[in-house]
Amino acid sequence: MSGRTTRRPWTLRTRLVVYAVTLIAVVAAVIGSVTAIAFRSYMAGKLDDQLHEIARVAQQPPPGSGTMAPGGGPAGDEEPLAFIGRGTPDTFGAVVSGGSVTSSKVIKGPDARESAEELTQAQRAALEAADVAPDGEAHDVELPGLGGYRVQVVPSGAGTSVLVGIPTAEVDKAVSTLVLVEVCVTAAGLVAAGIAGAAMVGVALRPLRRVAATATRVSELPLHSGEVALLERVPDTEADPRTEVGQVGAALNRMLGHVGSALEVRQKSEMRVRQFVADASHELRTPLASIRGYAELTRRGREHTGPDTRHALGRIESEAERMTGMVEDLLLLARLDAGRPLSYASTDLSPLVIDAVSDARVADRASGGASGAVHHWRLELPDVPTTVRADATRMQQVLVNLLANARTHTPPGTTVTVRLRQARPDVPWVTLEVRDDGPGIPPELRPRVFERFARGDASRSRHAGSTGLGLAIVRAVVTAHGGLAEVRSVPGDTVFAVHLPADAVYGSGGEGAAHVPDGGDGAAPASRVTGAVPTPGGHDGAHASGGGGHAPAPAVGGSGHGVAHGPAAEATAGQAGGLMPTAPL
């Protein structure tokens with residue numbers, strides 16, 4: 001198993017909200033960036049205007065002197081940095097001669113004359129390294145300890161020049177404040193947009209959720225069988241083709257209408273087929289009985305018949321009997337499909353199991369013939385009655401079909417174990433298992449083993465003597481009792497399990513293991529007796545349906561090998577070890 005976990009997919013509502021918030025964030029980022037750049041450009045222009053004004057003042061003589069140098073600056077006998085006293089705090093001035101700063105002043109306080117200080121050596125070195133061009137434009141210079149400055153060169157004559165500069169800290173602070181405000185406002189706006197968007201998208205998607213709810217209810221309907229009333233429809237308010245959701249709702253309504261019509265046609269067709277099968281099966285019973293009677297009468301008559309004629313009459317009787325069994329099976333299935341009520345009564349399954357195994361053992365010996373090939377039959381029964389609310393006749397048929405299936409489709413020498421598990425108050429299920437150690441069911445046949453006319457032999461051979469309806473009858477009868485029939489099969493271990501609801505009152509003295517109908521194995525009953533009786537019969541082949549409900553069971557006495565059982569079975573089995581077979585259904 002991969003260690004990577006699959007990321008949970010986003011819902012449509014989440015995607016729409018995330019996309020909308022992302023789009024708003026991108027727009028806000030673009031607007032904020034453009035605003036910050038424009039504001040900084042505006043503030044830088046204002047700062048440059050202020051610098052140009054200081055540079056113009058630096059070119060004028062101090063008030064009252066009236067003399068200027070030939071280059072336009074102050075006369076040589078005047079202080080070249082006297083204009084600094086008329087500047088703003090942190091404004092500096094420096095006299096540069098031959099590329100070196102000869103004198104400098106920077107205002108450190110509100111009183112320009114008293115707070116003027118010399119630039120440090122590092123600051124003068126930074127000015128010299130900047131090598132500001134005397135082009136009358138403002139340039140950016142970084143002074144250690146003072147920060148960023150806008151600097152302009154003012155010619156002063158006599159081979160010297162004056163550098164004037166004003167700090168950019170106020171501009172930087174204003175731009176930073178603007179960016180911070182934009183970020184906070186944008187974040188708050190995105191949160192508000194996310195909340196409002198989630199609410200609005202939720203309201204907008206409400207019709208789509210109602211359409212999905214309708215589809216979910218339809219998906220939970222049992223559409224695979226029986227009469228289905230497909231009345232679910234999307235409300236008209238969500239089926240308006242002028243909207244996107246309405247188009248989906250209208251399309252779903254049309255599809256449900258088509259599906260409902262198809263289901264109605266299917267149900268009518270199934271009812272016609274079932275009625276035909278029931279009618280045909282009922283009508284065929286009389287002619288088949290007549291065929292069997294006339295064939296037997298002719299065979300037993302006083303007129304002499306040759307061996308070929310006797311063989312032909314025997315084959316007619318045999319085929320008529322087999323056809324009668326198939327007709328009876330089809331009629332039973334048709335009745336179960338029609339929901340005909342069964343004769344329910346409190347039924348102890350232990351005697352039924354003993355009788356069914358007795359019949360199967362005798363039929364196994366009879367089918368073995370001269371070869372003597374037999375199956376090994378085992379019983380595992382609890383020592384208390386195992387009662388269910390069931391139709392005893394139909395449950396006997398279920399047992400006969402399961403045992404006939406195991407006998408017919410496993411090779412000689414296979415051990416067939418019939419196990420009955422007792423229910424408990426907290427697990428009200430009685431479980432009947434027919435287990436064998438044969439070759440198993442082919443994987444391709446296993447999903448449809450309970451279907452009608454499902455066969456392990458693709459050629460649909462009749463040599464096995466099955467009709468392909470045995471396991472279908474098992475499932476139909478068990479389902480009519482509110483139970484579950486299932487199969488688990490691997491080579492060497494095949495289990496057909498029947499789970500039935502226990503009767504409201506059942507024995508409390510047993511310690512048989514309870515078993516819920518999930519296919520798992522429970523513990524064996526605490527008190528049971530197991531018998532093993534080798535008997536003939538069977539041929540090689542995989543398990544398949546079609547055990548049929550008419551396993552031959554001649555009324556013969558038991559052999560010397562009796563199958564021991566608990567008290568619940570002793571009352572039925574009789575004395576002295578014989579398994580007394582019952583008459584076939």
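Visitor: How many residues lie between β1 and β2 in their hairpin, and which residue in the turn has a positive phi?

Guide: Two residues lie between β1 and β2, and Gly 98 in the turn has a positive phi of about 65°. Keep in mind that this is a predicted model.

Visitor: In what sense do β1 and β2 pair, and over how many bridges?

Guide: Strand β1 covers residues 92-97 and strand β2 covers residues 100-107; they pair in the antiparallel sense over six bridges. To see the pairing on screen, find Phe 92, which stands opposite Val 106 in β2.

Visitor: Which other strand pairs with β1?

Guide: That is β6, residues 160-167, again antiparallel and with six bridges to β1. Here you can look for Ser 97, whose bridge partner in β6 is Thr 160.

Visitor: What does UniProt list for residues 16-39?

Guide: The unreviewed UniProt entry lists them as a "transmembrane region". In the model, this span is 100% helix and 0% strand, and its end C-alpha atoms lie 34 Å apart.

Visitor: Where should I look for the largest nonpolar core, and which residues have the most contacts inside it?

Guide: Start from Val 353, Leu 402, Leu 403, Phe 450, Val 474, Phe 496 and Val 498, which have the most contacts inside this core of 47 residues. Helix α7, residues 349-368, supplies the largest share, seven residues.

Visitor: What does Phe 450 touch?

Guide: Leaving aside residues up to four places away in sequence, Phe 450 touches several residues, including Leu 471, Val 474, Arg 475, Glu 486 and Phe 496.

Visitor: And for the whole chain, how many helices and strands are there, and what percentage of residues count as buried?

Guide: The chain has 10 helices and 14 strands, and 40% of its 585 residues count as buried. Its accessible surface comes to about 30900 Å², with 58% belonging to carbon and sulfur atoms.

How values were computed:
Residues are numbered from 1 along each chain as its sequence is written. This is a predicted model: local features need pLDDT of at least 70, side-chain atom pairs count only at pLDDT 80 or more; totals for chains, interfaces and linings use all residues. Side-chain values use heavy atoms; hydrogens and water are left out. UniProt positions are given in the numbering used here, feature names are shortened, and annotations may be inferred rather than shown by experiment. Helices (H or I, at least four residues) and strands (E, at least two) are DSSP runs, numbered from the N terminus. Two strands pair if DSSP finds at least two bridges between them. A nonpolar core is a set of buried Ala, Val, Leu, Ile, Met, Phe, Trp, Tyr and Cys residues joined through side-chain atoms within 4.5 Å. Buried means under 20% relative accessible area, exposed over 50%, partly exposed in between (1.4 Å probe, protein chains only). Contact means heavy atoms within 4.5 Å. Accessible areas come from the Shrake-Rupley method with a 1.4 Å probe; for residues, only the protein chains shown count as cover.
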